Amino acid sequence: MPKSIPIHPEDARKPGFIEFDPIPVCRYDRTIEQERELWGTDALVRIYHDMAVIRAFESMLNEVKLRGEYQGIAYTHKGPAHLSIGQEASAVGQAFLLDVDDHIFGSHRSHGEILAKGLSAIEKLDDVTLMGIMESYFEGATLRVVEKGATGNVKDLAIDYLLYGTLAEIFGREAGFNKGMGGSMHAFFTPFGVYPNNAIVGGSGDISVGAALYKRINLKPGIVICNIGDASAGCGPVWEGLCLATMDQFKTLWDEAHQGGLPLIVNFVNNFYGMGGQPVGETMGFGILARLGAGLTPDQLHTERIDGYNPLAVVDAVARKRAILEVGDGPVLLDTVTYRYSGHSPSDASSYRDRSEVEAWQKVDSLLTYADTLRDAGIMNDAGLTGIQSRIDESILRVYKLAIDLDISPRADLYSVGSLLERTMFSNGRAESLDESRTPEVLIPVEENPRVLQLKERSRTGLDGQGNPLPKGKCVGIRDAIFEAVLHGFHTDPTLVAYGEENRDWGGAFAVYRGLTEALPYHRLFNTPISEGAIVGSAVGYALEGGRALVEVMYCDFLGRAGDEVFNQLSKWQAMSGGSLRMPVVLRVSVGSKYGAQHSQDWTSMVAHIPGLKVVFPATPYDAKGLMAEALMGTDPVVYFESQRIYDQPELFRSEGVPEGHYSIPIGEPDVKKTGTDLTILTIGATLYRALSAATELENRYGISCEVIDARSIVPFNYDKVLTSVAKTHRILLASDACERGSFLHTMASKVTQLAFDDLDAPPVVVGARNWITPADEVEDSFFPFPSDILDAVHECIRPLPGYTAKRKCDSAEMLRRSDAGL
């Protein structure tokens with residue numbers, strides 16, 4: 001919303017036409033002699049070799065899946081295998097010019113892309129560098145398997161290493177590239193520039209944007225290629241990713257050093273099928289997929305359809321499009337025509353297409369036609385081609401034998417304490433800066449920041465010297481505390497970026513970022529489209545590349561828009577990488593109130609249910625600043641919930657208030673806000689203050705001394721303080737604003753019951769929001785737990801209160817009635 005870009009009615013209402021330029025379709029027309037002069041004979045032969053390697057590898061997997069053996073050696077592979085037989089030319093042509101600084105992201109059908117990019121990297125890297133990679137990656141675990149009995153030179157060894165590491169990963173072996181935790185659909189190898197492949201159709205569509213964003217913001221070399229299928233053109237992450245990737249501000253508002261389009265090629269690997277659905281003529285309406293590029297930017301994303309059955313046509317296209325990216329005029333969209341001979345997976349009998357169609361494509365098989373081209377040009381003869389195939393077959397058989405042998409290639413032990421997945425669900429790293437070689441780029445020093453100066457005039461505590469409340473407007477509140485932690489992060493970590501809806505100029509949603517616009521250049525703090533999925537997905541890509549992202553979903557209710565990115569991407573890549581990747585992303589989520597059914601929901605329980613996410617929900621300024629500081633120093637994904645009810649809440653629990661300087665609070669540690677002896681009350685989020693009000697009434701009117709514990713964190717969570725409290729009080733009530741059904745409070749109550757059963761004199765009681773839609777603000781107190789609801793629960797479920805009449809029934813009969821009614 002920069003004032004520098006005014007919107008004038010005379011311009012917006014001016015009559016005219018939108019004009020489109022013709023989009024090239026399969027226009028490659030170079031001769032083999034021209035290509036030989038350009039690349040040399042050896043390179044042209046290498047293209048054939050790499051295509052043949054992929055064909056042999058995928059054919060071996062096809063045999064294993066269909067017949068349970070390869071070359072007479074039995075093996076049962078229970079996992080998936082989405083094969084790219086027929087698509088070899090598109091993968092090899094793309095990888096031909098790429099080096100390790102160029103990163104590819106792919107799909108569930110990416111074995112060929114892994115091998116093509118790996119083979120290209122092996123060709124370009126020197127022997128010392130190759131050995132360094134193989135020896136250092138997972139302490140040489142993969143290398144130790146293949147180097148025994150190896151013959152040939154370092155590059156021969158590296159090819160075996162690539163083939164074995166990929167196959168061992170597909171077969172779920174610990175010596176695989178991702179320790180067997182990624183498998184067929186997620187395998188990757190970052191030292192060769194092969195970044196995560198994604199089993200969610202279109203999943204790389206926004207993650208790759210974040211990777212390109214990292215390169216642009218941090219001025220890193222190389223380009224990013226997103227390889228996704230044609231059917232993914234109907235997926236939300238792809239469209240949201242394209243919208244984020246094509247923001248005008250990259251070329252208009254960012255400073256000169258960072259200005260320019262993203263170095264990204266969105267490559268649709270167009271094999272004409274999405275499982276059994278056929279985008280052309282059935283499930284989509286574009287006819288030629290390249291048409292899509294015309295609607296996104298005036299330059300039409302430099303879109304082109306290319307012949308992916310001719311590897312040289314793909315090489316030519318990537319060379320031309322790379323030149324566009326290198327001058328800052330990206331991104332680019334490619335529609336790469338190819339075809340898969342096998343079904344979606346080996347179990348797919350291809351009943352949705354005629355055999356004659358497959359045979360027609362097999363007649364122009366790229367391996368056959370390219371081999372003919374080499375023969376006709378005198379570059380290779382039949383003996384040479386046969387020799388290449390023979391050596392490839394020997395390599396495939398050799399790595400197959402290694403990968404299926406459980407003595408040589410065991411699976412990870414996931415039964416023992418401290419197992420691989422226990423170690424890799426969270427990295428638990430700590431680094432204030434992810435690039436200590438650089439100084440963070442800021443516009444003004446901290447001491448000159450206008451908000452910092454403003455906060456110096458405010459009280460750091462919410463109480464005066466006599467313990468009386470101060471006006472909130474004169475105190476540092478939760479929004480201010482978050483701001484201070486975030487500002488420190490920006491002055492400490494040069495890779496840190498923050499973006500989302502209304503992050504810049506406006507001051508951020510709910511004024512949390514007020515003071516950052518003046519402090520930070522555009523490339524570190526910027527607005528995005530209303531594309532929650534791409535906001536989170538791009539943060540995943542940014543982090544995978546080595547940066548730290550602080551992104552925001554303005555309302556908790558909007559998490560549904562980013563469901564896949566939060567639940568399948570943000571949470572999983574550390575573990576699916578076998579521990580080779582980190583995910584330093586902080587996702588701010590604001591929990592609303594007073595805005596009704598679609599803007600006032602607490603979905604903490606939904607997020608806490610997903611393994612791989614750290615989840616916090618501070619309710620005081622001291623905790624908000626400390627937990628944000630901790631999250632911004634970590635290497636794990638943290639979903640940081642904030643309540644709109646209490647953004648202006650001052651610090652009431654620490655006499656010294658909120659420290660001005662930097663500090664952090666360990667994630668996972670609850671905090672006792674009030675001591676007591678008769679009843680433990682454990683709260684999550686803003687319910688803390690209503691629980692304290694209830695505790696005051698219980699103590700003053702009924703003589704029940706309450707110990708109130710603020711969870712602060714949800715995942716992880718240390719139960720020690722809770723169990724110590726229950727051992728003293730023998731009773732516990734748990735409260736939060738999340739709907740009662742499925743609330744994480746029930747998990748906590750179950751744990752307390754299990755761990756402190758002998759100490760309990762009554763069952764734990766959960767008080768949550770009603771299992772309704774959130775009603776209008778005027779009647780919100782009927783929905784969220786208020787002090788009266790806590791008193792009702794104590795009276796009817798824990799200990800009768802003399803002379804008290806429950807405002808609403810909540811005894812066992814009422815609980816059964818609600819459950820029976822689905823309420």
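Is Val 266 buried or exposed? I get 5% relative accessibility for Val 266, so it counts as buried. My cut-offs: buried is under 20% relative accessible area, exposed is over 50%, and partly exposed is in between (1.4 Å probe, protein chains only).

Ground rules before I go on. This is a predicted model, so local features need pLDDT of at least 70 and side-chain atom pairs count only at pLDDT 80 or more, while totals for chains, interfaces and linings use all residues. Residues are numbered from 1 along each chain as its sequence is written, and side-chain values use heavy atoms, with hydrogens and water left out.

**Val 266, continued**

I placed Val 266 in strand β6, residues 264-270. Helices (H or I, at least four residues) and strands (E, at least two) are DSSP runs, numbered from the N terminus. Leaving aside neighbours within four places in sequence, Val 266 is in contact (heavy atoms within 4.5 Å) with Cys 226, Ile 228, Leu 242, Val 332, Leu 333 and Leu 334. I also checked Val 266 against Phe 526: they are 260 residues apart in sequence and 23 Å apart in space, C-alpha to C-alpha.

**Helix α27**

Next I checked the length of α27, residues 744-755. Its 12 residues should span 16 Å at 1.5 Å a residue, and the end C-alpha atoms are 17 Å apart, which agrees. The expected span is 1.5 Å times one less than the number of residues. Which residues of α27 are buried? I found Phe 744, Leu 745, Met 748, Ala 749 and Val 752. They cover an arc of only 145 degrees around the axis, which puts them on the same side of α27. That arc is taken from the directions from the helix axis to the C-beta atoms.

At the N-terminal end, Ser 743 is the cap of α27, with a side-chain oxygen 3.0 Å from the backbone nitrogen of Leu 745.

**Ser 713**

Ser 713 has 0% relative accessibility, so it counts as buried. Its side chain reaches the backbone nitrogen of Gly 668 at 2.8 Å. For a polar contact I need a pair of N or O atoms within 3.5 Å; within protein, one must be able to donate a hydrogen and the other to accept it, and residues adjacent in sequence count only if both atoms are side-chain atoms. Beyond four places in sequence, Ser 713 touches Val 615, Val 616, Leu 627, Ile 667, Gly 668 and Glu 669.

**Helix α8**

Helix α8 (residues 154-170) is mostly covered, with 15 of its 17 residues buried. Asn 153 caps its N-terminal end: a side-chain oxygen is 3.1 Å from the backbone nitrogen of Lys 155. After α8 comes Gly 172, with a positive phi near 70 degrees.

**Cores**

A nonpolar core here is a set of buried Ala, Val, Leu, Ile, Met, Phe, Trp, Tyr and Cys residues joined through side-chain atoms within 4.5 Å. Of the 192 residues in the largest one, Phe 192, Phe 641 and Met 748 touch the most other members. Helix α3 (residues 41-67) gives the most to this core, with 14 residues. I also noted a second, separate core of 64 residues, which includes Val 616, Tyr 647, Ala 694 and Val 708.

**Cysteines**

How many disulfides are there? I count zero, taking a disulfide as a pair of cysteine sulfur atoms within 2.5 Å. The sulfur of Cys 556 is 11 Å from the closest cysteine sulfur, in Cys 739, too far for a bond. Cys 706 is in no disulfide either; the nearest cysteine sulfur, that of Cys 797, is 15 Å away.

Most residues other than glycine have a negative phi, and most peptide bonds are trans. I found a cis peptide bond from Gly 330 to Pro 331, with omega near 0 degrees. Another cis bond joins Val 715 and Pro 716, with omega about -10 degrees. Gln 71 is not a glycine, yet has a positive phi of about 55 degrees. Gln 71 counts as exposed, at 56% relative accessibility.
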